[in-house]
Each structure stands twice: as structure tokens, then as C-alpha cells.
Amino acid sequence: MRADAQRNADKLRAAAAELFSERGLNAPLKEIARRAGVSHGTLYNLFGSREALIDEVVADLAAQRLGKVAEQALAAEDAWDGFAYYIEKLGELQATDPAISDVVSGRYPDAERLMAVCARCHDAAGRIIERAQQSGVLRPDFTGEDLLFILGANALLARAAKDTAPDAWRRGVAFMLDGLRTEAAHQLPAAPLTPEQLNAIMGNLAGTS
């Protein structure tokens, strides 16, 4: 890459990192180019697509942050404490970093590196759930799809409340965690979501954000 193209690419990465963190991964590409001081065409010439820019800017950071949360959750001596920590920290990331919130939802299937991060995140969540269920502290009918469904709702509410009640999501998560304890479980009124249903729901959520 020529020196001037390299400088433009670096400016675009920095601008994208700022705007994705402020507005989420759907931040306007024209605004990213404007903040970087380059043309919209330059952005496309250097990166080709939104997904390529996301992979370049967000994938490694998301892997680091989400991986650390999962590692600490699995390292907790008490299985319930690890599960609750995982839910609470993901909720905090959703409330404070719109880009990470979008990563958790898996909204950009054409961003290959990001989807690999999502897959590792979902695998870790499965291990955290299984560990808590095997310890008898998490209700046995809770699924990974249930987790993503709840996190999708939390992301929308946290984003809507950030200016008026930025900690309101913590109350909702606390209520939810109490309801997931084995001793609080009652028979559920509906069947668990299938992966296909969850994907359709997340797609609909993406259209409303």
C-alpha cells in the first residue's frame, strides 16, 4: 500500500473505531469517511464493504473483551457466581459499548472474522450454562437461544435508556437472574426457541435499531 493510502486507511480505522463505539456497527459509512477526512469512495476503495471494515476494526477487540469475560466466568469457583457474572458483564458491555452489543447479537453474518468471534462467544456461553446446570443451580430448561433472546431485549432497552436511566438495565438483569435459579423455576408457557427462530428474531431487531 502506498504511503498516502496507508495514512488514509489508518485514519479510517481510527474514525470507524470511534463511531462504532458511539453508535454501533450500523454507524453511517459516510460519517466515518467525513470524520477521517477522506471521501466516501476512498473508504470503499480501501476496505470494500462495511463488513470488511468491521472485521478490520472490531473483530480483535471484541474477541479480547468477550473472551476475557468468558474466561473469568468459567474460572469462578461457584458455578452460579460464574453464570451471573457472565450475564452481568455482557449486560454492562451492551449498555456501554454499542459495537460490542452488536457483536453479541451476531448482526453481520458477512463479516467472517466477526462471526468467528460470535461462534466462540456462543460456545463459551454454552459451557457456562452447562456448568451451572450440572451444578444444579440453573434451571435445566434454560438454553443458549434463551440467553441470546434475553440479551437482544436488554440491548434495545439499555440503548433506549442510556440518557435517562443508564443503570436501569441492571435492575432488569437482577430480576431475570433471580428467575433463572433452580428453586424459582416453574413450567414455561412456550417451547424453547429454535436456532432458526432466534436468527429471524435477531434480524427483526436489527431492523429496529
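A disulfide, as counted here, is a pair of cysteine sulfur atoms within 2.5 Å. Keep that cut-off in mind. What we have on screen is a predicted model.

Let's look at two cysteines, Cys118 and Cys121. For the sulfur of Cys118, the closest cysteine sulfur sits in Cys121, 6.9 Å away. That is too far for a bond, because the cut-off is 2.5 Å. Start from Cys121 instead, and the closest cysteine sulfur is the one in Cys118, again at 6.9 Å. Are these two buried or exposed? Cys118 is buried, at 3% relative accessible area. Cys121 is buried too, at 9%.

Next, the core. The largest nonpolar core holds 60 residues. Which residues have the most contacts inside it? They are Phe20, Ile32, Leu66, Phe83 and Tyr86. Helix H8, residues 112–134, supplies the largest share of this core, with 9 residues.

Now Ile87. Where is it? Ile87 is in helix H6, residues 79–96. Its relative accessibility is 1%, so Ile87 counts as buried. Beyond four places in sequence, Ile87 is in contact with Leu147, Val173, Met176 and Leu177. Ile87 and Leu151 are 64 residues apart in sequence, yet their C-alpha atoms are 8.5 Å apart in space.

Leu147 and Leu151 take us to helix H9, and both are buried there. H9 covers residues 144–161, which is 18 residues. From first C-alpha to last, H9 reaches 26 Å, close to the 26 Å expected at 1.5 Å a residue. Other buried residues in H9 include Asp146, Leu148, Gly152 and Asn154. Ala155, Ala158 and Ala161 in H9 are buried as well.

On to helix packing. Two packed helices are described by the angle between their axes and the distance between the axes. First pair: H5 and H8. Their axes are 10 Å apart, at an angle of about 10°. H5 and H8 are therefore roughly parallel to each other. Who makes the contact? From H5, the residues include Ala59, Asp60, Ala62, Ala63 and Leu66. From H8, they include Arg113, Leu114, Val117, Arg120 and Cys121.

H5 is residues 59–75, and H7 is residues 98–105. Their axes come within 11 Å and cross at roughly 80°. That makes H5 roughly perpendicular to H7. Which residues meet? Ala62, Arg65 and Leu66 in H5 meet Ile100, Val103 and Val104 in H7.

Last stop, Arg50. Arg50 lies in helix H4, residues 50–57. Is this arginine buried or exposed? Arg50 counts as buried, because its relative accessibility is 16% and the limit is under 20%. What does Arg50 touch, not counting residues up to four places away in sequence? The list is Phe20, Leu25, Asn26, Ala27, Pro28, Leu29 and Tyr108. Arg50 and Leu25 are 25 residues apart in sequence and 8.6 Å apart in space, C-alpha to C-alpha.

Conventions
Residues are numbered from 1 along each chain as its sequence is written. This is a predicted model: local features need pLDDT of at least 70, side-chain atom pairs count only at pLDDT 80 or more; totals for chains, interfaces and linings use all residues. Side-chain values use heavy atoms; hydrogens and water are left out. A nonpolar core is a set of buried Ala, Val, Leu, Ile, Met, Phe, Trp, Tyr and Cys residues joined through side-chain atoms within 4.5 Å. Buried means under 20% relative accessible area, exposed over 50%, partly exposed in between (1.4 Å probe, protein chains only). Helices (H or I, at least four residues) and strands (E, at least two) are DSSP runs, numbered from the N terminus. The expected span of a helix is 1.5 Å times one less than its number of residues. Axes are lines fitted to C-alpha atoms, for helices over the stretch in contact, and angles run from 0 to 180 degrees between N-to-C directions. Angles under 35 degrees count as roughly parallel, over 145 as roughly antiparallel, 65 to 115 as roughly perpendicular and the rest as oblique. Contact means heavy atoms within 4.5 Å.
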